[in-house]
Protein chains: 2
Amino acid sequence: MSGTEARVEPAAACPVPARGYDRIVLGHGAGGGLSADLLRDVFLPAFGNPTLRALEDQASLAIDGARIAVTTDAFVVKPLFFPGGDIGRLAVNGTVNDLAVGGAEPLVITAAFVLEEGLPVADLVRIAGSMGAACAEAGVDLVAGDTKVVDRGRGDGVYVTTTGVGRVPVGRRLSIAGACPGDRVLVSGTLGDHGIAILSVREGIDFETPLRSDTAPLHRLTAAVLAAGGDAVHAMRDPTRGGAASTLHELAEASGVGVVVDETAVPLRSEVRGACELLGLDPLHVANEGKVIAVVDRAATDAVLAAMRADPLGRDAAVIGEVVADHPAVVTVRSALGGERLLPTIPGEQLPRIC
Amino acid sequence: MSGTEARVEPAAACPVPARGYDRIVLGHGAGGGLSADLLRDVFLPAFGNPTLRALEDQASLAIDGARIAVTTDAFVVKPLFFPGGDIGRLAVNGTVNDLAVGGAEPLVITAAFVLEEGLPVADLVRIAGSMGAACAEAGVDLVAGDTKVVDRGRGDGVYVTTTGVGRVPVGRRLSIAGACPGDRVLVSGTLGDHGIAILSVREGIDFETPLRSDTAPLHRLTAAVLAAGGDAVHAMRDPTRGGAASTLHELAEASGVGVVVDETAVPLRSEVRGACELLGLDPLHVANEGKVIAVVDRAATDAVLAAMRADPLGRDAAVIGEVVADHPAVVTVRSALGGERLLPTIPGEQLPRIC
């Protein structure tokens, strides 16, 4: 018996979860209900530990008295270059933002690239340059990386996975489970810009002014929110894949509360409103890459809103809803006419490869 | 002008490096000379900072008095399942090992999956289970993850990127630049097992006893090496892609020394020796996933060798060479007949997708 054989071997045959799916579909990666199925049926049983089960956007841990936050994301956006950014800028900002919404100060980033054979080196140079610029803009260092190459037809130019490490200040506690009835729900600006920018390129939709992705680093805005709101800020999330709807559903479930969104208060660019009508999409389901949703104690609403609006990335900030004790784990939308409808979760296949 | 537009934009047109390549080839991911070209021509100019430029297998940074190490790797091995392991076990162990060779204690891991539409869920369950078992074996928690799905024909089942965070004990200093003339070069066991195990599956080579990948977590072995050798341990590396040859070349270049390998002292399984002869490969160029190369002060050689051999993963450990002041940055091999030849670097296209 060799040394290797003496070690624990992986389980030879884990049962397939009996949930009616036996093949991966695009929706399993889209951040909606199917993604949640995969997490519950495959990943949590394999890796379950209290940190992972908390389902925050970042994990935090203590090392020698310091508290650090860690987050990771794979990016497979198509196309690689789009109005307002590219896959590299998206990856750096996405990772910075996952740290920021947990109240952590982003410090360093790592990047691992899966390149497709035949990729023009010029494209890679452009993406790396864009990542370098995004790191400089966010004030983080890219300190470790890796590159693999796969055969032509086994990738799509570039996939990149970024991981971020940040510092969590003493006493900081933000959690998707922290929303309380009476809290107000704020958003830092217009919703749906990223998703519609990507779709407009894919579908060849022309706007008079090209719609740009909102990809941006939010850590300065979130720091301003925390400085203004302090402990009255109960939760923050960046509503990426699955849009604001996914974020609000996760919040409602994790906190055991209901959320009511005031449809007329949701900030939308006219191009996004128009494109959503054209494509049959609800802007609340469309991805954002430079917006934060904050849930704050009612008394701190004005202070936090003012702090958001003082940041160039938050000038369109608005209060879009409230947390209620009624209908726990359910999100509703109040329309202009005063009616209230359920905001559904989408299974997720609607907008594949949006990030 | 929107808030997003007010921010720094990525450089619109970075020049392509004028090094005679304009398309990515498989060799750019194989850990040899082409990988080094890409790092030098594309990534270091984009991300250059002192930590990244050190080119260690892990980056270390100080946070609130603690010192942590961070490392990341993408895994695209083909096939996903092979004798002795699978892509999931390989990823966890590879990340644990990149921390271990820097003297860090592995604490947590993150994992990001890029799944291909159509992947059997049973395969993902098996891989996740294997990763969970590998985490348990290594004593690390998987604390954060992400899953994306790409269209059929744009992936190859599963790609996974793992990132590890570890704790670096006070005063620990190991560096690829730390080798000194007179040092001995030790290896913890037989070389080439992983690469030949993968190739034998791909090429349909039958061995009497199936050759298994050596994938294993090395942090206990490296801790024993450090306990036995202390500051006399100058450098450690796990010789993965590109094999021992790549590691020794990196060491020779970074430390400004020469390395002489005694060919007769290199531990090899007879199956690996035979397969290398059959396939025209030098075992020093073949990948390992559960071996460490340690460079130690001559006086500590016996103590470190004994510590390696006392670990089940190090029972075939051997002294395979020495560090010399002659021929800086050059690695030579002394043959059984006493002749000395240059150990070449390979450009890298020899063994694509080995990890």
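Where is the place of A:Asp64 in chain A? I looked, and A:Asp64 sits in the loop between strand 1 (59–63) and strand 2. For the record, helices (H or I, at least four residues) and strands (E, at least two) are DSSP runs, numbered from the N terminus.

**Ground rules**

I am working with a predicted model, where local features need pLDDT of at least 70, side-chain atom pairs count only at pLDDT 80 or more, and totals for chains, interfaces and linings use all residues. Residues are numbered from 1 along each chain as its sequence is written, chains are lettered from A and ligands numbered from 1 in the order in which they are written, and side-chain values use heavy atoms, with hydrogens and water left out.

At 45% relative accessibility, A:Asp64 counts as partly exposed. My cut-offs are these: buried is under 20% relative accessible area, exposed is over 50%, and partly exposed is in between (1.4 Å probe, protein chains only).

Then I turned to A:His327, in the loop between strand 12 (318–324) and strand 13 (331–334) of chain A. A:His327 is not a glycine, but has a positive phi of about 30 degrees. I put A:His327 down as partly exposed, at 25% relative accessibility.

**Entry: cis bonds**

I checked the peptide bond from A:Lys78 to A:Pro79 and found cis, with omega near 5 degrees. A:Pro79 belongs to the loop between strand 2 (66–75) and strand 3 (81–82) of chain A. In chain B, B:Lys78 and B:Pro79 are joined by a cis peptide bond, with omega about 5 degrees. B:Pro79 is in the loop between strand 2 (66–75) and strand 3 (81–82) of chain B.

I looked up helix 4 (residues 121–138) of chain A against helix 1 (residues 33–47) of chain B: they pack at about 30 degrees, with axes 7 Å apart. Axes here are lines fitted to C-alpha atoms, for helices over the stretch in contact, and angles run from 0 to 180 degrees between N-to-C directions. So helix 4 of chain A and helix 1 of chain B are roughly parallel to each other. The scale I use: under 35 degrees is roughly parallel, over 145 roughly antiparallel, 65 to 115 roughly perpendicular, and the rest oblique.

Which residues of helix 1 of chain B make the contact? I listed B:Leu38, B:Val42, B:Phe43, B:Ala46 and B:Phe47. From helix 4 of chain A come residues including A:Leu124, A:Val125 and A:Met131. Contact means heavy atoms within 4.5 Å. The residues of this contact divide into 10 nonpolar, 2 polar and no charged. In that sorting, Ala, Val, Leu, Ile, Met, Phe, Trp, Tyr, Cys and Pro are nonpolar, Asp, Glu, Lys and Arg are charged, and the others, Gly among them, are polar.

**Entry: a helix pair inside chain B**

The axes of helix 3 (residues 87–100) and helix 4 (residues 121–138) of chain B come within 7 Å and cross at roughly 30 degrees. Helix 3 and helix 4 of chain B are therefore roughly parallel to each other. On the helix 3 side of the contact I noted, among others, B:Ile87, B:Arg89 and B:Val96; on the helix 4 side, B:Ile127, B:Met131 and B:Glu137 are among them. This contact of helix 3 with helix 4 of chain B splits into 8 nonpolar, 3 polar and 2 charged residues.

**Entry: helix 8 of chain B**

Which residues of helix 8 (residues 270–279) of chain B are buried? I found B:Val272, B:Ala275 and B:Cys276. Seen down the axis of helix 8 of chain B, its buried residues fall within an arc of 100 degrees, so they line one face of the helix. That arc is taken from the directions from the helix axis to the C-beta atoms. Part of what covers these buried residues is helix 5 (193–203) of chain B. On the other side of helix 8, B:Ser270, B:Glu277 and B:Leu278 are exposed. Just after helix 8 of chain B comes B:Gly280, with a positive phi of about 70 degrees.

B:Thr222 is in helix 6 (residues 219–229) of chain B. B:Thr222 is buried, at 2% relative accessible area. Setting aside neighbours within four places in sequence, B:Thr222 is in contact with B:Ala100, B:Met236 and B:Val292.

B:Gly182 lies in the loop between strand 7 (158–167) and strand 8 (184–187) of chain B. At 26% relative accessibility, B:Gly182 is partly exposed. With neighbours within four places in sequence left aside, B:Gly182 is in contact with B:Arg298 and B:Val323.
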